[in-house]
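My entries follow in the sequence in which I checked them.

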Amino acid sequence: MIFNGSPKAGGNTDFLIDRFMTFLGEKDVVKFVLREMNISPCRGCEKCSMSGRCVIKDDMHDIYEKIEKYRFFLFFSPVFFGGVPSILKSAIDRCQPFWARKNILGKKFKVNKRKGLVVLIGGTSFVKGYECAALSVKWLFNVIDVAENKTFYYMNIERHSDFLNYNIDNDIYKTMEFFGESER
Ligand SMILES: Cc1cc2nc3c(=O)[nH]c(=O)nc-3n(C[C@H](O)[C@H](O)[C@H](O)COP(=O)(O)O)c2cc1C
């Protein structure tokens, strides 16, 4: 599963995902461009604590279904104010039913050996902002039993040409190695 957390179409996050996609291939990948989806913020109603399901009827249910089934989770996002943009944060918060199922209702995920990637793109080199943004995604990883994860920070990215300061091909290679080409 690939999550695109950028609110900006054609921006730096889209550009980087396109580069990764040329190697990953579209076949086995399901991509969620969150800005194109209707995902409300979590209301904190805690109904999911009893049922393990979210009462809000929106596009998040497609994500819930896939999170149950998939093993590999790739998050690409810009850093906004030392965090992830609200569209991604909303999707993460809406994963509370998974927390409830695991910690209150005692249910386990059927899929194990899960792995995750967090790719953050920012305009500064203030590393704490990246770490803070990564923590939100890693918190989700903890809830959905993603035991192993890898992180890339692309700093000082204002425009596409700023990526020339990075060896993206090498990062893609490391990503493929991490996920294990043979396991796909
Ligand atoms: C509202 C807003 C907040 C931002 N906050 C940060 C920040 O805290 N740290 C940082 O490094 N860059 C920050 N930036 C810069 C973006 O992360 C950066 O320009 C990124 O490349 C944008 O990616 P995109 O083109 O996919 O939207 C911010 C940009 C915006 C619009």
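Leu 105 sits in the loop between α5 (96-103) and β4, helices (H or I, at least four residues) and strands (E, at least two) being DSSP runs numbered from the N terminus.

I recorded that this is a predicted model, in which local features need pLDDT of at least 70 and side-chain atom pairs count only at pLDDT 80 or more, while totals for chains, interfaces and linings use all residues. Residues are numbered from 1 along each chain as its sequence is written, and side-chain values use heavy atoms, with hydrogens and water left out.

Next I traced the open sheet, whose five strands follow the order β2-β1-β3-β4-β5 with parallel pairing; two strands pair if DSSP finds at least two bridges between them. I marked β2 (31-33) and β5 (146-154) as the edge strands, each pairing on one side only.

Which residue of β2 is the bridge partner of Ile 2? I found Lys 31 there, and I noted that β1 (residues 2-4) and β2 run parallel, joined by three bridges.

Last I turned to helix α4 (residues 86-93), where Leu 88, Ser 90, Ala 91 and Ile 92 are buried. The buried residues of α4 pack against α3 (60-69), β3, α5 and α6 (127-143), contact meaning heavy atoms within 4.5 Å.

Note on methods:
Buried means under 20% relative accessible area, exposed over 50%, partly exposed in between (1.4 Å probe, protein chains only).
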